[in-house]
Amino acid sequence: MKKPKSYKWQKNDGTGTMSRHLRSEHGLGPEGEEGSSGGGQAQLHGYASDMPGAGIPFVYNRDRMISELGRFIIADELPYSFGESVNYEYFNRVALQPQYRRVPRNTLKRRTQQSYYAYRGYLMEMFRTYDGRVSLTSDTWTSTYGEPFVCVTAHWIDNDWLLQKRIICFEAMEEAHNGFNIKSRIVSCCKNFHLVDKIFSISLDNATANTSAMQFLKEDPSIKLVLDEYGLRKKVIALDTPTRWNSTYKLLHDAIAYRDVLTDMYNESRATDGQFITNDHWSLAKIVHDVLETFDNATHIFSYVYEPNIHTVILECIKIICTIKQTSLANPGVAVKRLLDNMKVKWCAYFTEFPPIYAIAAILDPGVKLEGLTNLLTFYYQQLDVQFDVPYYVNNCKRILERLCEEYGAVIQPQPVGSSMGASRFGILGPVLKKSRPDGSGSSSSSSSSSSSNIGVGEYLTYQFETEENFHIIEWWKNHSSKFPVLARIAKDILAIPASTIASESAFSAGRRVLDEKRSRLSSESIEMC
């Protein structure tokens, strides 16, 4: 053991003695080594445990800082000039990193462009090698300053069975907003991302130009729409219209909460003419509110972006029409009856017949399948008081599914499976799912064609599966993909189809925030990156 040394400080002495001691006795040496001082030292504190590089000593790197600052500016929709902020520089140097220096806007823009094009290239390569199908949503938008844009969003389920969404096109559209030009932009985007032969569906809203664009897409030889091959009609629920029922619900929801205040204010202002708000008015408002609440709940479900919703469309529509019918029976008054009859007429204009893709998605729900779909649709048309050939419709959907299975089954081989089912998660529609067919013949799924049996469809339709209250359909198909490889691949592509164009609408909302009065001169290229 070394004898302890003592050091005596005298006037005018420096710190050399202490430095030599630290170097010889404790291994702490000159600048650049552990424990040394200086601008280039490796600081002892590391990255946080929840960050990339956890446990590694932090070393300030200006190049990396610029890249991450660009990512932060894009994510928070900030201007490039943010990097030149004197106040932000002061905050960083005082509180975070003394070596931080301001970043010129042009430098930040170049680095952001590099990151953007690198990720764009990654997406292109990923889609080029992707062996599944991709669904698209698209819409057009005009900014506050009159600049038109077109947006295309891709939806798919990755190999980890996670629902993904990416904007693959947000471009200025200088040409006229007609169907042919919209089609041309969508086709160009699909070609750039190697998607022309991998599109499962394209969802547009019900604008005239979009309807025309869909027809042009069907006729374009370069685009192969899987759903077109099986005669499936493209249709989505239009949310962004001047007469939205869910907006009426929100209005009534807020008004009923303040009924006393509103009644007093209105009645006081109309005291001279005797036109007052009465309890009868509020009773009518409450009836309409309760009917539209079901509709509002459905629109929230149809607006999901990172959760599958295509398989819930028929179920939610049945809940809506069932609520209308029950309310009509419980309130025989003339005013309520006229209102609900008008709602039902409007409803029938859109949902007298469901596009088959909604039915196929419901079949792929193990708690529904063919028998449940038949029972649900029979109940639906009874509530709607409409004559409809449900067995023919369901059998047609089954044939479409079998044809899809033949195509997918050419490269995938199935395995057998078995289990049992419950319908508790369907609430009031649970008994409808379980009941027998009116003719007593039982389930239409008890038999299947030889072609479907050979690839696992027959086994899936025949056996029943237990589904819990917290059932998640993507997780279920992920867990059963080895038992039903063909159907799992079909489910993976179909469940990625969004029930609405909300993805494009959210992109336009972001566009309104980015292209504000302080950034009206942003180029279309910069807006696409943002």
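Helices (H or I, at least four residues) and strands (E, at least two) are DSSP runs, numbered from the N terminus, and these labels are used throughout this briefing. The model described here is predicted. By the distance rule used for charged side chains, the count comes to 13 salt bridges, while the count of disulfides comes to 0.

**Salt bridges within a helix**

- Glu125 forms a salt bridge with Arg128, and the closest N and O atoms of the pair are 2.6 Å apart. Because Glu125 and Arg128 are 3 residues apart in helix H4 (residues 105-129), they are separated by about one helical turn.
- Glu125 counts as partly exposed because its relative accessibility is 39%, and Arg128 likewise counts as partly exposed, at 45%.
- Asp341 and Lys337 form a salt bridge in which the closest N and O atoms are 2.9 Å apart. These two residues lie 4 residues apart in helix H12 (residues 334-351), so about one helical turn separates them.
- Asp341 is partly exposed, with a relative accessible area of 29%, and Lys337 is partly exposed as well, at 43% relative accessibility.

**Salt bridges elsewhere**

- Glu407 forms a salt bridge with Arg133, with the closest N and O atoms 2.7 Å apart. This pair links distant parts of the chain, since Glu407 is in helix H15 (residues 390-409) and Arg133 is in the loop between H4 and E1, 274 residues apart.
- Glu407 counts as partly exposed at 28% relative accessibility, whereas Arg133 is buried, with a relative accessible area of 12%.
- A network of salt bridges links Lys325, Lys344 and Asp385.

**Cysteines**

- With 0 disulfides counted, Cys189 is in no disulfide, and the nearest cysteine sulfur, that of Cys169, is 4.6 Å away. Cys189 is buried, because its relative accessible area of 4% is under 20%.
- Cys348 counts as partly exposed, at 21% relative accessibility.

**Buried positions**

- Thr137 is found in strand E1 (residues 134-142) and counts as buried because its relative accessibility is 0%. The side chains of Thr137 and His155 are joined by a polar contact of 3.1 Å.
- Leu461 lies in helix H18 (residues 457-462) and counts as buried at 2% relative accessibility. The C-alpha atoms of Leu461 and Glu371 are separated by 8.7 Å, although the two residues are 90 residues apart along the chain.
- Helix H20 (residues 485-494) is mostly covered, with 9 of its 10 residues buried, among them Pro485, Lys492 and Asp493.

**A nonpolar surface patch**

- Tyr258, Val261, Leu262 and Met265 make a nonpolar surface patch of about 420 Å².
- Tyr258 lies in the loop between helix H8 (245-257) and helix H9 (259-269), and Tyr258 counts as exposed because its relative accessibility is 54%.

Terms used:
Residues numbered from 1 in each chain as written. Predicted model: local features only at pLDDT ≥ 70, side-chain atom pairs only at ≥ 80, totals over all residues. Heavy atoms only, no water. Buried < 20%, exposed > 50% of the residue type's maximum accessible area, 1.4 Å probe, protein only. Polar contact = N/O pair within 3.5 Å; in protein donor to acceptor, adjacent residues only side chain to side chain. Disulfide = S-S within 2.5 Å. Patch = residues over 30% accessible without salt bridge, like charges linked within 9 Å, V, L, I, M, F, W, Y side chains within 5 Å. Areas by Shrake-Rupley, 256 points an atom, 1.4 Å probe, with all protein chains shown as cover. Salt bridge = Lys/Arg side-chain N within 4 Å of Asp/Glu carboxyl O.
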